[in-house]
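Reader: I would like to go through this model with you and ask, term by term, what each description rests on. Please set each value against its cut-off before you conclude.

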Amino acid sequence: MKPRTKRLALIVGGIVVLCAAAAFVLNAFQSNLVFFFTPTQVSNGEAPKGRTFRAGGMVKEGSLVREGNSVRFVITDTEKEMQVTFVGLLPDLFKEGRGVVSQGKLGDDGVFVASEVLAKHDENYMPPEAKHALDQAAAAKAAQSVKTNP
Amino acid sequence: MIPELGNFALMLATVVALVQGVLPLTGTFVANPQTQISLQSLARPAAALQFALVAFAFGALATSFLSNDFSVLYVSQHSNSLLPKPYQFAAVWGGHEGSLLLWVLMLTLWSVAVALFSRSLPLDMVARVLGVLGLISVGFLLFILTTSNPFERLLPAAMDGRDLNPLLQDPGLVIHPPMLYMGYVGMSVAFAFAVAALLSGRLDAAWARWSRPWTVIAWAFLTFGIGLGSWWAYYELGWGGWWFWDPVENASLMPWLVATALIHSLMATEKRGSFKAWTVLLAIAAFSLSLLGTFLVRSGVLTSVHAFATDPKRGVFVLLFLAVVVGSSLTLFAWRAPRVTLGGRMELVSRESFLLANSVLLVVATAAVLLGTIYPLVIDALNLGKLSVGPPYFNAVFAPLLVPAIFLIIPGSVARWRDAQVREIAYKLRWTALGAVALGVGLPFVLGAWSWGSALGLFLGAWVALGTLQQVLERVRKPGRIGASFWGQQIAHFGMAVLVVGVTGVKSYEVERDVRMHVNDVVTIAPYTFRLKSLDEVMGPNYKATRADVEVLRDGQLLEVLQPEKRRYFSSAMPMTEAAIDSGFMRDLYVSLGEALNETRTEWSVRVYYKPFVPWLWAGVLLMVLGGVLAAVDRRYRK
């Protein structure tokens, strides 16, 4: 091979490999994006069936029930609520009346089966997603009250 | 009085940094030789003076902490009179302001080291390198003085402090930030050398040679810092995980990946004059990613134990600084790069091409991590929704990119420069390859279940380890003094092999049991039996804890009593999990308390984990650090 053809082969080969790597990365990226939904969105049926997503809000007071190794609780954004089940140990900061974000799939019965309940390391900390859910619900409520009280 | 003196020292340091940043650099442009020399020789004393001033400020802050001066706002926020003394000192970098001060202290320490150990460097290069470091320092000192002053007073003074975040009250956390910062900030030296080379227009082998030991030692610190962080997460978070693909971890991994590419690319540049432009870009990227890491971690865009700042001014400042650094260095690059000559010729297969391939793989891996880390933040900032990219993405992307990179370590280090033959390399490595395949296929049977993942991981580890051993055996048979950098290279590569085996072993063979336990309940993970012997309430200096005594038995013999704790710190309502770990050569036994499941606190959820090969992770990291240090102190750099 002439040096020039060799160089060309090197460059073309490099570009092909880079493109393949980029395609592979983007594909993996696409299929692993996890979207966040508020309880209101979930009850409106906006959340996907059979795909992992995150849901968050407040843990409803008095809703935590333990059965063996699994727990059930209710997440609320003050407007709508959703049932969550989870098998495993809850993080240290999980408490009723506090913010929570969980990741999992929606079952056929409409109960959210969490594979992960996310913990953060600060007692005063509200997960941004959970705060977002409460803000959304509050905004919707405010809009509602404006409409109903002319 | 002491905080005011510290504050004053910081202001003086800013002035000195400005002098260090401006005058020596000016000295490289003026025509008059007399002025040239007098301006350029300002660099070294300025660096020393700046270090002294910043060290004084740091000492002043530490004194305020140790004397419980709660009239200083920062002290009152991060310390407490009950806090043990060593943690009071470590609390200096327990928050945003102090950790920035530590950043600057490290930067001035690096500058002084460059000033001291640069006798072989021409004066104009010293002036440029220290000048660039001085300018970086100006930026960070201004950041501290304008947005994050640790010496701000609190009037009236608080009665007592709010205490250090309990998660940070741990020996691992006392040394993790300084080590990580030494690495982060050390990248500024590699960056300064690259910029100095661009400024001088002399982008040659000499530049790479000067830059190499600094870059390697910074890489070693970064490796150590990341390892410490991982170790801390493993035993302190109580989850038994050692890497979570948390954005904060990614922020430190990205500069590490690029720095790894950089130290290898620098070698090709030094030895063969190859990839000069690429090496310069890597140096710019490594430092930019260190700054990006600082931005991500410190600006409050990420919420984690590391994110102290919520003041948006701070985030904007770091982002602007980042923009200035990246923008100006890339402009300089674009202006100067066309003048860079191509290096020595290379063939399709040669050590250069292996190094280049590895460089590219590492950079693609960095880009993949960057995408996964930044994308959710950008989408959120643009109000396009909330989403996250979890560990499955990073796992899916990382392994296929790093497996070939790690595989190429061995052929890359046996291939000749310039022109190598595939057949020759294959012939040379035939026994190593055979041994690695045998171990890869066979070991999973010995360890338990066979799977493709574990076979591949063990093959890869065995391949790198055996290939390294082969090179060592061949080298010691040859005559001649063996340089420290040879040992450094081999030990670091061997460390990578140990790390790969460790990762594979933990991933493939860990057993995790989350169980409910009363006193005298038993859990068995063959061949170990765990029995909850007792639960006691104990008092610590600034916390109360529930402590469990868990007996570990093997064949009826008592091995160890593990004592995991659940702590409640007085200063915070948040409970803390202290895992108890029994480490052996091949495995860790890990027990941590979850939560009390009944009112009387007699039944607990307990994590009982069998974690094989975890000590190998730490051993691998330490070997890489040792290798880096050895390579950096090689005598030939000091001629």
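Reader: How do you know that E1(A) and strand E1 (residues 387–389) of chain B pair, and in which sense?

Author: Two strands are said to pair if DSSP finds at least two bridges between them, and E1(A) and E1(B) have three bridges, in the antiparallel sense. Within this pairing, A:Leu33 stands opposite B:Val389 in E1(B). The names follow DSSP runs numbered from the N terminus, where helices (H or I) need at least four residues and strands (E) at least two. This is a predicted model, in which local features need pLDDT of at least 70 and side-chain atom pairs count only at pLDDT 80 or more, whereas totals for chains, interfaces and linings use all residues. Residues are numbered from 1 along each chain as its sequence is written, and chains are lettered from A and ligands numbered from 1 in the order in which they are written.

Reader: How many residues of chain A are in contact with chain B, and what makes a contact?

Author: A contact requires that the C-beta atoms of two residues, placed from the backbone, lie within 7 Å, and 27 residues of chain A are in contact with 32 residues of chain B. On the side of chain A that touches chain B, the elements giving two or more residues are helix H1 (3–31), strand E1 (33–37) and helix H3 (128–148) of chain A. H1(A) gives the largest share, seven residues. By class, this side of chain A has 15 nonpolar, five polar and seven charged residues, where Ala, Val, Leu, Ile, Met, Phe, Trp, Tyr, Cys and Pro count as nonpolar, Asp, Glu, Lys and Arg as charged, and the others, Gly among them, as polar.

Reader: Why is H8(B) called roughly antiparallel to H9(B)?

Author: Angles under 35 degrees count as roughly parallel, over 145 as roughly antiparallel, 65 to 115 as roughly perpendicular and the rest as oblique. The axes of H8(B) and H9(B), lines fitted to C-alpha atoms over the stretch in contact, with angles running from 0 to 180 degrees between N-to-C directions, come within 7 Å and cross at roughly 155°, and therefore H8(B) is roughly antiparallel to H9(B). The crossing is left-handed, a term for a near helix turned anticlockwise from the far one by less than a right angle, clockwise being right-handed. The contact of H8(B) with H9(B) comprises 23 nonpolar, eight polar and one charged residues.

Reader: What makes H9(B) roughly antiparallel to H20(B)?

Author: The axes of H9(B) and H20(B) cross at roughly 165° and come within 8 Å; because of that angle, H9(B) is roughly antiparallel to H20(B). H9(B) passes H20(B) in a left-handed crossing. Among the residues of H9(B) that meet H20(B) are B:Trp219, B:Phe224 and B:Trp231, and those on the H20(B) side include B:Trp618 and B:Val625. The residues of this contact of H9(B) with H20(B) divide into 14 nonpolar, three polar and no charged.

Reader: How do you know whether B:Phe224 is buried or exposed?

Author: A residue is buried if 20 or more other C-beta atoms, placed from the backbone, lie within 10 Å of its own, exposed if 12 or fewer, and partly exposed in between. B:Phe224 has 23 other C-beta atoms within 10 Å and is therefore buried. B:Phe224 lies in helix H9 of chain B and, not counting residues up to four places away in sequence, touches B:Met179 and B:Val625.

Reader: Why is B:Trp245 called partly exposed, and why is B:Phe613 called buried?

Author: B:Trp245 has 18 other C-beta atoms within 10 Å and so is partly exposed, whereas B:Phe613 has 25 and so is buried. B:Trp245, in the loop between helix H9 (205–236) and helix H10 (247–272) of chain B, has a positive phi of about 55° although it is not a glycine. B:Phe613, in the loop between strand E11 (604–612) and helix H20 (614–632) of chain B, likewise has a positive phi, of about 70°. Most residues other than glycine have a negative phi.

Reader: What makes strand E2 (511–517) and strand E9 (580–583) of chain B edge strands?

Author: Four strands of chain B form an open sheet in the order E2-E11-E10-E9, with antiparallel pairing, and E2(B) and E9(B) are its edge strands, since each pairs on one side only. E9(B) pairs with strand E10 (residues 587–596) of chain B over four bridges in the antiparallel sense.
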